[in-house]
Amino acid sequence: MSDVHDLPEGREIGRVVGDAAGPTLIVVAGIHGNERAGVGAARRVLATLARRQGRVMGELVALAGNLGAMRLGVRYRERDMNRVWTKDRVADLESRARSGGALDAEDREQLELLDAVRAAIARARGPVYLVDLHTTSAHGLPFILFGDTLKQRKFASAIPLPLVIGLEEQVDGVLTAFFTTQGCVTFGVEGGQHDDPGSVDNLEAVVLLGAESAGLFGSGLLTETGAAHALLERRRGDLPRVMEVVSRHAITAADAFVMEPGFMNLARARAGQLLAKSRAGEVRAPKDGMVILPLYQGQGSDGFFWGREVGAARMHLSEALRHMKVDRLLHLLPGVARDPARPSKLVVGERATRLYRLDMFHLLGYRRVRKEAERLTLERQLEHAAE
Ligand SMILES: [Zn+2]
């Protein structure tokens, strides 16, 4: 068995297959090459499950994300591999591969990873889950993010870290979002700072509890899950269990945006509190809420995300509305139309955007909000098929 700190030799880091049929959990580590803690974490869980193979149902397989970048210790070589997973881009990549077209370093990585995930899906003997492991350059609290479907909420709820809803939807081409469209139940996790040994512990606990949540072994059957749970509870401290992104504070270089010091990656803010300064003046908290991923270093177009805690009542309300398929009625609202080509996408005319609160759409899972010309488009992940 390789040391947890060794680089993976090939795409597959390891695999444990139970005798009994059951779910498949695919773990992706190092999709950003400088985030290697996930490799060690995956190896530890593989070792734990290998010792109890008789109790494992289904399969756990761990895959390396960007092998070439991992060897160089860089985030990526040509292109960020967590921004390339749109349906159009994957189709284009596959057609270039078939026709012998030019492929760069990350194209080849992506094709191999795609093949490995598809192979795991093809040999699955039950539902397929996928967890993508990350770490961050700055020290921060570990948290979970996922596309807002009911099944993904349920899967992620087993992890006692803060669950951030509506963040995955802020960017396009994310790996987990793509594999949700391929039928996998997914979440991503930010495990802590890249080189902090504690990040390996955090990610190990997340993968182990993820495997339990997916049903790879009976609930509470492994003694290690108790400690994993306690560790992540401690890491969460007094942060809310569930929070959601309400809005994005977009910036440009011309704004001269400077975040006030002292905010963690997830931090409570009080109404009126000074959050940042920019050329346009002070940015203050509109009400009590959460600052999510404040920008402290480097360039970026996200100053921070504004969010709030989601209580159990609101979680239940949104689940109930979705079970009732209230969603189907949204296009009856004045100014709201359904995209004929994509049933999970709504188009809201400019005037209508002032009529409705985005909040109502968020409740129903429409969290991918984009401005196209004078209109707003709101998209959600389709719910997974019933088992
Ligand atoms: Zn990352």
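Predicted model: local features only at pLDDT ≥ 70, side-chain atom pairs only at ≥ 80, totals over all residues.
Residues are numbered from 1 along each chain as its sequence is written.

**Entry: the whole chain**

Next came burial. A residue is buried if 20 or more other C-beta atoms lie within 10 Å of its own, exposed if 12 or fewer, and partly exposed in between, with C-beta atoms placed from the backbone. By that count, 43% of the 387 residues are buried.

Then I turned to contacts, where two residues qualify if their C-beta atoms, placed from the backbone, lie within 7 Å. Taking contacts between residues at least 6 apart in sequence, I read that 71% join residues at least 24 apart.

**Entry: domains**

I found the chain divided into domain 1 (12–236), domain 2 (245–309) and domain 3 (322–379); such bounds come from an automatic or database domain assignment. The C-alpha centres of domain 2 and domain 3 are 26 Å apart.

**Entry: a helix pair**

How do helix 3 and helix 4 pack? Helix 3 (residues 87–98) and helix 4 (residues 105–123) meet at an angle of about 100°, and their axes are 11 Å apart. Here axes are lines fitted to C-alpha atoms, for helices over the stretch in contact, and angles run from 0 to 180 degrees between N-to-C directions. Helix 3 and helix 4 are therefore roughly perpendicular to each other. (Angles under 35 degrees count as roughly parallel, over 145 as roughly antiparallel, 65 to 115 as roughly perpendicular and the rest as oblique.)

I listed who makes the contact: V90, L93 and A97 from helix 3, and D107, Q110, L111 and L114 from helix 4. These residues divide into 5 nonpolar, 1 polar and 1 charged. For the sorting, Ala, Val, Leu, Ile, Met, Phe, Trp, Tyr, Cys and Pro count as nonpolar, Asp, Glu, Lys and Arg as charged, and the others, Gly among them, as polar.

Staying on helix 4, I looked up I121, which is placed there. I121 is partly exposed, with 16 other C-beta atoms within 10 Å. From I121 to F257 is 136 residues in sequence and 44 Å in space, C-alpha to C-alpha.

**Entry: two positive phi values**

I checked A256 and found its phi near 50°, a positive value in a residue other than glycine. A256 sits in the loop between strand 8 (242–250) and strand 9 (258–259). Is A256 buried or exposed? A256 counts as exposed because it has 11 C-beta neighbours inside 10 Å.

L293 also has phi near 50°, positive in a residue other than glycine. Its loop runs between strand 13 (289–292) and strand 14 (302–309). L293 has 26 C-beta neighbours inside 10 Å, so I wrote it down as buried.

**Entry: helix 8**

A227 is in helix 8 (residues 224–236), and is exposed with 12 other C-beta atoms within 10 Å. A227 and A205 are 22 residues apart in sequence, and 8.2 Å apart in space, C-alpha to C-alpha.

E224 belongs to helix 8 too, but is partly exposed, with 17 other C-beta atoms within 10 Å. Which residues does E224 contact, leaving aside neighbours within four places in sequence? I found T48 and L208.

**Entry: strand 14**

My last stop was R308, in strand 14. R308 is partly exposed, with 18 other C-beta atoms within 10 Å. Not counting residues up to four places away in sequence, R308 touches M243, E244, V246, G289 and M290. R268 is 40 residues from R308 along the chain, and their C-alpha atoms are separated by 8.5 Å.

Methods:
Helix = DSSP H or I, 4+ residues; strand = E, 2+ residues; numbered from the N terminus.
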